[in-house]
Amino acid sequence: MRPWTLAAAPSAGARTTGCAFGAFSRLEVNREGRLCVNDLAMGLRLLGLHRTGGEIRKIVQAGDKDLDGQLDFEEFAHYFRDHEKKLRLVFKSLDKKNDGRIDAQEIMQSLRDLGVKISEQQAEKILKSMDKNGTTIIDWNEWQDYLSPPASRGKHP
């Protein structure tokens with residue numbers, strides 16, 4: 001397998017590909033151009049993330065298109081894009097006002113739709129855990145940064 005380079009990365013979705021490249025380069029500690037379960041576990045541990053072997057195997061299996069038990073950059077980038085799409089879908093489902101932001105009322109409504117009642121103070125506590133600018137309103141970047149691995153945080157233009 002040839003070593004990975006940014007030039008070898010897919011051109012579609014340059015922003016997401018750039019984030020995926022940053023994450024891959026931080027996780028790929030052996031510099032072999034691929035991530036196996038052990039490499040991914042080590043890379044995540046170095047970033048302060050501790051996942052079970054089962055969780056890591058699930059990530060590798062989900063992205064491993066050629067079934068070699070490893071993720072090369074293209075497989076990792078595809079997995080990364082799929083993960084971002086899922087994050088976006090959840091964000092949009094919570095954004096009841098369709099204004100690109102999630103506030104306490106929207107958290108309360110979304111949970112109420114699931115049969116869970118929480119107070120406004122509880123909803124604000126949830127939002128404060130993700131909030132970076134003190135507004136108690138979460139935008140896409142705050143949502144994505146909170147729910148993305150540290151390897152890709154801070155790489156959004």
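The protein has 7 helices and 4 strands. Helices here are DSSP runs of H or I with at least four residues, strands are runs of E with at least two, and both are numbered from the N terminus. Along the sequence, the order reads α-β-α-α-β-α-β-α-α-β-α.

Before the details, a word on what we are looking at. This is a predicted model, so local features need pLDDT of at least 70, side-chain atom pairs count only at pLDDT 80 or more, and totals for chains, interfaces and linings use all residues. Residues are numbered from 1 along each chain as its sequence is written, and side-chain values use heavy atoms, with hydrogens and water left out.

Confidence next. The mean pLDDT of the protein is 82, and 82% of its residues reach 70 or more; pLDDT is the predictor's confidence in each residue, on a scale from 0 to 100. Of the elements, strand β3, residues 101-102, has the highest mean value at 95, and helix α1, residues 14-27, has the lowest at 74. A contact means heavy atoms within 4.5 Å.

Now some totals. Of the 157 residues in the protein, 38% are buried. Buried means under 20% relative accessible area, exposed means over 50%, and partly exposed is in between, with a 1.4 Å probe and protein chains only. The protein exposes about 9100 Å², of which carbon and sulfur atoms supply 54%. Those areas come from the Shrake-Rupley method with a 1.4 Å probe, and for residues only the protein chains shown count as cover. Among contacts with a separation of 6 or more, 47% are between residues 24 or more positions apart.

On to helix packing. Two packed helices are described by the angle between their axes and the distance between the axes. The pair here is α5, residues 104-113, and α6, residues 120-130: their axes come within 8 Å and cross at roughly 110°. Axes are lines fitted to C-alpha atoms, for helices over the stretch in contact, and angles run from 0 to 180 degrees between N-to-C directions. The two helices are therefore roughly perpendicular to each other; that label covers 65 to 115 degrees, while under 35 is roughly parallel, over 145 roughly antiparallel and the rest oblique. From α5 the contact uses A104, Q105, I107, M108 and L111, and from α6 it uses E120, A123, E124, I126 and L127. By class, these residues are 7 nonpolar, 1 polar and 2 charged. Nonpolar covers Ala, Val, Leu, Ile, Met, Phe, Trp, Tyr, Cys and Pro, charged covers Asp, Glu, Lys and Arg, and the others, Gly among them, are polar.

Next, the loop between α6 and β4, where D131 sits. Is D131 buried or exposed? D131 is buried, at 16% relative accessible area. Leaving aside neighbours within four places in sequence, D131 contacts T136, I137, I138 and E142. Its C-alpha is 8.3 Å from that of W143, 12 residues away in sequence. T136 belongs to the loop between α6 and β4 (138-139) as well, and T136 has a positive phi near 60° without being a glycine.

Most residues other than glycine have a negative phi. L67 is another case with a positive value, about 55°. L67 lies in the loop between α3 (53-63) and β2 (70-72), and L67 is exposed, with a relative accessible area of 73%.

E28, in the loop between α1 and β1 (34-36), is buried at 1% relative accessible area. D72, in strand β2, is buried at 16%, and its C-alpha lies 9.0 Å from that of C36, 36 residues apart along the chain. N141, in helix α7, residues 140-147, counts as partly exposed at 36% relative accessibility. N141 and R101 are 40 residues apart in sequence and 9.8 Å apart, C-alpha to C-alpha.
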